[in-house]
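Work through the exercises below with the coordinates open. Try each task before you read its solution.

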Protein chains: 2
Amino acid sequence: MARKRSEQLTDGEQGIMEILWERGESSVKDIAGALAAEKPVAYTTVQTMCKILAEKGHADFRKEGRAFIYRARMSRTEARQSALKNLLNRFFGSSPELLAQHLMRETDIELKDLEALQKKIDETD
Amino acid sequence: MARKRSEQLTDGEQGIMEILWERGESSVKDIAGALAAEKPVAYTTVQTMCKILAEKGHADFRKEGRAFIYRARMSRTEARQSALKNLLNRFFGSSPELLAQHLMRETDIELKDLEALQKKIDETD
DNA sequence: GTCAACCTACTAACTAATTAGTTTTATTGA
DNA sequence: TCAATAAAACTAATTAGTTAGTAGGTTGAC
């Protein structure tokens with residue numbers, strides 16, 4: 001038997017989504033160009049990955065002349081939310097307090113920073 | 001070309017680690033029994049996964065009579081820290097504030113809960 | 001001593017993920 | 001028109017991950 005296709009973005013998938021979020025609609029060529037800045041990658045590799053992203057529903061595409069133009073269906077915020085939820089359930093028994101505790105321990109974040117954030121959130125609501 | 005073996009715990013791996021964290025040292029039989037409570041799983045499947053966990057360095061084993069007894073090498077806290085750091089870098093541009101913001105938006109966590117946590121952390125230091 | 005159970009080692013099957021080459025098709029400029 | 005070019009479609013190779021069957025050895029019970 002075999003594994004299920006993961007719901008979460010894989011590394012490669014995320015690389016492309018990152019570019020779509022950054023640049024908005026992009027052709028395969030654009031994406032390949034942007035990715036190549038980090039690490040050389042074949043055009044056809046990018047094509048394949050874009051096709052998979054579309055199959056998985058993370059991206060959309062339309063034809064413009066010869067080329068396919070891809071567009072993110074999931075927003076960056078949604079992706080963050082989903083990844084965070086996943087982590088929360090998988091590692092922290094769905095306890096946001098536990099996660100917050102680890103975050104405070106591990107990073108240099110301070111309660112006063114959080115208070116400022118909370119205020120900002122309250123204001124924007 | 002093919003993919004790299006992931007540093008992060010996979011789903012299956014985590015299931016076993018979870019049991020090792022819960023129960024401490026466990027034989028394959030123990031682990032299989034505990035896993036079966038959730039979802040039927042073949043004994044040999046568990047064996048294979050334990051072997052892989054050991055290969056990856058996440059678990060240790062020793063022989064006791066005929067059986068192998070497995071033990072987690074990484075603590076649950078370390079795993080949490082590592083997963084959290086991973087999420088932080090991958091999705092939140094290494095900004096703990098951004099992550100905290102999403103956590104507060106998404107969950108029902110309250111500042112006063114965090115204050116209690118902070119107090120606890122300060123006391124135990 | 002034999003037999004059942006128990007356990008590991010080996011093997012296998014199959015999908016996902018990653019990377020990229022080859023083939024086909026369509027556009028466009030000379 | 002026709003060749004160059006660009007892009008998609010198709011194909012392929014390889015490793016990871018998941019699940020489990022089979023073979024073979026130990027050992028304890030009777």
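The exercises that follow concern a predicted model.

**Exercise 1. Domains of chain A**

Task: Into which domains is chain A divided, and how many Å apart do their C-alpha centres lie?

Solution: 
- Start with the bounds. Domain 1 of chain A covers 11-72, and domain 2 covers 76-124.
- Then take the C-alpha centres of domain 1 and domain 2 of chain A. They lie 30 Å apart.

**Exercise 2. Cysteines**

Task: Find how many disulfides the structure holds over all chains. Then decide whether Cys50(A) and Cys50(B) are buried or exposed.

Solution: 
- Recall the bond type. A disulfide is a covalent bond between the sulfur atoms of two cysteines.
- Apply the cut-off: the two sulfur atoms must be within 2.5 Å. Over all chains, the structure holds zero disulfides.
- Now turn to accessibility. Buried means under 20% relative accessible area.
- Cys50(A) has 1% relative accessibility, so this residue counts as buried.
- Cys50(B) also has 1% relative accessibility, so it counts as buried.

**Exercise 3. The surface near DNA strand D**

Task: Describe the protein surface near DNA strand D by residues, elements and class.

Solution: 
- Count the residues. DNA strand D is surrounded by 29 residues. The closest are Met1(A), Tyr43(A), Gln47(A), Phe68(A) and Ala2(B).
- Look at the DNA side. Of the atoms of DNA strand D that come within 4 Å of the protein, 65% belong to sugar and phosphate.
- List contacts to phosphate. A backbone N or O atom of Gly12(B) is 3.5 Å from a phosphate oxygen of DNA strand D.
- An N or O atom in the side chain of Arg66(A) lies 3.3 Å from a sugar or linking oxygen of DNA strand D.
- Assign elements. In chain A, α2 (28-38), α3 (43-55) and β3 (67-72) each give two or more residues to this surface.
- Pick the main contributor. α3(B) gives the most, with four residues.
- Sort by class. The surface near DNA strand D has 11 nonpolar, eight polar and 10 charged residues.

**Exercise 4. The sheet in chain A**

Task: Work out the strand order of the open sheet in chain A. Why is one side of β1 and of β2 left without a neighbour?

Solution: 
- Read the order. The three strands run β1-β3-β2 in chain A, with antiparallel pairing.
- Find the edges. β1 (26-27) and β2 (59-64) of chain A each have a single partner strand, so one side of each has no neighbour in the sheet.
- Check one pairing. β1(A) and β3(A) are antiparallel and joined by two bridges. Ser26(A) has Tyr70(A) as its bridge partner in β3(A).

**Exercise 5. Strand pairing in chain B**

Task: How many bridges join β1 to β3 in chain B, and over how many do β2 and β3 pair? Where is the residue with positive phi in the hairpin?

Solution: 
- Take β1 (residues 26-27) and β3 (residues 67-72) of chain B. Two bridges join them, and they run antiparallel. Here Ser27(B) has Ile69(B) as its bridge partner.
- Take β2 (residues 59-64) of chain B next. β2(B) pairs with β3(B) over six bridges, in the antiparallel sense.
- Arg62(B) stands opposite Ile69(B), and Phe61(B) stands opposite Tyr70(B).
- Inspect the turn. β2(B) and β3(B) form a hairpin with two residues between them. Gly65(B) in that turn has a positive phi of about 65 degrees.

Conventions
Residues are numbered from 1 along each chain as its sequence is written. Chains are lettered from A and ligands numbered from 1 in the order in which they are written. This is a predicted model: local features need pLDDT of at least 70, side-chain atom pairs count only at pLDDT 80 or more; totals for chains, interfaces and linings use all residues. Side-chain values use heavy atoms; hydrogens and water are left out. Buried means under 20% relative accessible area, exposed over 50%, partly exposed in between (1.4 Å probe, protein chains only). Domain bounds come from an automatic or database domain assignment. A residue is near a molecule or strand if one of its heavy atoms lies within 4 Å of it. A polar contact is a pair of N or O atoms within 3.5 Å; within protein, one must be able to donate a hydrogen and the other to accept it, and residues adjacent in sequence count only if both atoms are side-chain atoms. Ala, Val, Leu, Ile, Met, Phe, Trp, Tyr, Cys and Pro count as nonpolar, Asp, Glu, Lys and Arg as charged, and the others, Gly among them, as polar. Two strands pair if DSSP finds at least two bridges between them.
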